[in-house]
Amino acid sequence: MSNILDLSQEALITKLRKGDLTLCVVGLGYVGLPLAVLFAAEGARVIGCDVRRNIVEKIARGESPIIEHDITELVKDGAKALESRCPTCAIQLFEVDGEAFCPHCLKVVEITGRSVRLTSRCAEVNLLRYAKPKKLEALLESSLRNRTLTTTTETTRAVEQADAVLITVGTPIDNNRNPDTSALSSACIQIGKGLAKSSLVILKSTVSPGTTESLVAPILAQESGLTPGIDFGLAHMPERIKEGIALYEFRTIPRIVSGIDRRSADAAAKLFSLFPAPIYIFEDTKITEASKLFENIYRDVNIALANELALICETLGLDVIKVIEATQTDPKTHILTPGPGVGGYCLPKDPYYLTQPALKKGFNPRLIHMARKLNDMMPLHIVRLIEDALKEVGVKVNGSDITVLGLAFKGNSGDLRNTPILPLVNNLTEKGARVSSYDPLVDIDEAQEYFDGIRVANSLEDALKDACCVILATDHVELRKLRIADLQKKAENLKAVVDARHVINEDEVYRAGLVFRGLGREQSRK
Ligand code: SAJ
């Protein structure tokens with residue numbers, strides 16, 4: 001084994017590409033798996049570890065449990081990378097045939113001077129992306145074939161061979177919203193037992209400030225009998241990638257890193273210099289730990305602001321998206337998009353990794369908790385819009401047939417974790433509605449298990465056949481392209497349409513003689 005802590009950047013990268021360094025990635029989830037595959041694709045010897053045997057076996061067969069497209073492929077298809085960034089997700093914009101678009105939001109962007117305006121129009125070019133094979137699976141398959149990537153459930157045995165260990169396990173919250181670091185602690189025990197002298201451990205999981213020094217370092221030291229900072233390196237480098245564009249963002253998004261000493265931080269920065277993204281080194285692990293939490297809190301609070309503005313617009317008879325589009329022409333103002341709630345693995349729980357330690361020390365954060373509450377009540381607000389629409393057509397929720405289109409927690413993802421559509425649907429079924437659903441991107445069996453009180457159809461036709469009311473709940477490209485005439489053809493009893501994602505043109509709905517309700521829009525034209 002090499003002493004990865006003292007290699008020059010050039011020597012480290014050369015060894016890595018030649019397969020002379022072994023990396024262990026502990027936790028093969030939405031961050032760990034694409035990261036393991038990308039390192040392996042660059043030639044590194046990677047051992048992916050996970051305690052979930054079914055996931056390890058699935059990956060070993062070349063099946064990726066997650067969908068990731070490589071948008072750098074767009075460039076190969078003739079797209080031009082622009083200098084401007086998307087005002088909503090900050091990703092670099094691209095242009096094809098004179099049309100600028102955000103490859104993450106999948107919307108057309110208008111750029112005029114310093115003003116970058118994300119429109120609600122769907123970018124045609126994204127069909128290119130969807131026509132391609134699942135890129136992560138292609139990379140995974142070649143890494144397995146070349147044996148640059150292997151997988152195991154035996155973390156300690158894998159770590160014994162590793163020059164560097166990347167920890168990418170989940171850090172959830174418990175029922176009292178306190179950070180639950182049990183998975184992290186047990187990963188550290190397994191890692192500590194196999195940790196070799198002169199190796200480097202990089203914590204990538206999102207954690208409360210102080211965790212690297214006060215939880216990870218002592219466990220690793222106790223289990224290995226080695227001294228952190230002397231016998232092995234320990235760094236913290238939070239991950240900023242977004243699901244769906246992880247392969248692109250791993251290479252391009254700026255990173256921050258810190259270590260329990262400068263040598264650890266430097267070694268981690270050298271390892272990640274394999275990717276072209278800039279890396280900023282900070283002196284204290286608490287800074288990078290807290291910074292990751294600031295980023296996600298900023299996003300959650302910004303979405304809560306957008307949601308509150310949407311509620312105000314409904315009251316005043318304004319269209320919130322039209323107002324936000326106007327506001328975005330000011331380069332200093334970036335308001336996110338209102339929606340039926342905030343889901344996914346990170347945003348609903350990360351704020352508590354900062355606020356709970358503050359609460360324990362006597363400070364009660366108000367704004368951050370208020371934003372969480374507001375975002376959490378959005379699914380019930382959508383139910384109110386549904387009830388209101390049904391009332392206008394003289395139908396009671398109890399006994400009505402409602403079809404929900406889109407179940408995933410966000411557009412163009414098949415991920416159901418913490419999806420706000422679950423409380424929305426549960427509330428409708430509690431009120432006696434018969435709910436059918438369709439989502440082109442989720443795994444049907446998984447969705448049926450998750451949404452056990454409703455019917456998860458395997459086609460749009462099947463989901464719509466009895467619908468009296470249709471809810472647009474997730475803004476997948478496929479759903480954004482739906483026309484009201486199509487819906488009416490497939491749902492003969494259709495009376496009302498409720499749009500929680502601002503994907504429907506309400507004039508079309510009214511022209512079709514249907515009742516419409518939309519989040520953040522003028523309510524009823526009666
Ligand atoms: N949402 C809105 N309006 C918006 C944006 C999002 O309602 O304008 C909703 C989505 O529908 C979804 C939820 O918020 O339900 C979260 O979606 P997201 O795209 O904002 O975030 P994630 O969970 O996919 O990823 C976030 C990102 N964090 C930030 O942008 C600060 C990502 O960069 C992080 O790496 C990730 O959390 C993480 O792992 O922490």
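Visitor: How far is an oxygen atom of the ligand from an N or O atom in the side chain of asparagine 296?
Guide: That distance is 2.7 Å. Keep in mind that this is a predicted model.

Visitor: And what about the side chain of lysine 292?
Guide: An N or O atom there also sits 2.7 Å from an oxygen atom of the ligand.

Visitor: Okay, and how far is a ligand oxygen from a polar backbone atom of arginine 240?
Guide: For arginine 240, the backbone atom is 2.9 Å from an oxygen atom of the ligand.

Visitor: How much of the ligand's accessible area does the protein cover?
Guide: The ligand on its own has 760 Å² of accessible area, and the protein covers 89% of that.

Visitor: Which residues come nearest to the ligand?
Guide: There are 20 residues around the ligand, and the nearest are Ile241, Asn296, Arg299, Thr337 and Cys346.

Visitor: What classes make up that shell?
Guide: You'll find 9 charged, 7 nonpolar and 4 polar residues around the ligand.

Visitor: Which helix gives the largest share of it?
Guide: That's helix 12, residues 285-316, which supplies 5 residues of the shell.

Visitor: Switching topic: at what angle do helix 14 and helix 15 pack?
Guide: Helix 14 (residues 350-360) and helix 15 (residues 367-392) pack at about 135°, and their axes are 10 Å apart. Because of that angle, helix 14 counts as oblique to helix 15.

Visitor: Is the crossing left-handed or right-handed?
Guide: Helix 14 passes helix 15 in a left-handed crossing.

Key
Residues are numbered from 1 along each chain as its sequence is written. This is a predicted model: local features need pLDDT of at least 70, side-chain atom pairs count only at pLDDT 80 or more; totals for chains, interfaces and linings use all residues. Side-chain values use heavy atoms; hydrogens and water are left out. A residue is near a molecule or strand if one of its heavy atoms lies within 4 Å of it. A polar contact is a pair of N or O atoms within 3.5 Å; within protein, one must be able to donate a hydrogen and the other to accept it, and residues adjacent in sequence count only if both atoms are side-chain atoms. Accessible areas come from the Shrake-Rupley method with a 1.4 Å probe; for residues, only the protein chains shown count as cover. Helices (H or I, at least four residues) and strands (E, at least two) are DSSP runs, numbered from the N terminus. Ala, Val, Leu, Ile, Met, Phe, Trp, Tyr, Cys and Pro count as nonpolar, Asp, Glu, Lys and Arg as charged, and the others, Gly among them, as polar. Axes are lines fitted to C-alpha atoms, for helices over the stretch in contact, and angles run from 0 to 180 degrees between N-to-C directions. Angles under 35 degrees count as roughly parallel, over 145 as roughly antiparallel, 65 to 115 as roughly perpendicular and the rest as oblique. A crossing is left-handed if the near helix is turned anticlockwise from the far one by less than a right angle, and right-handed if clockwise.
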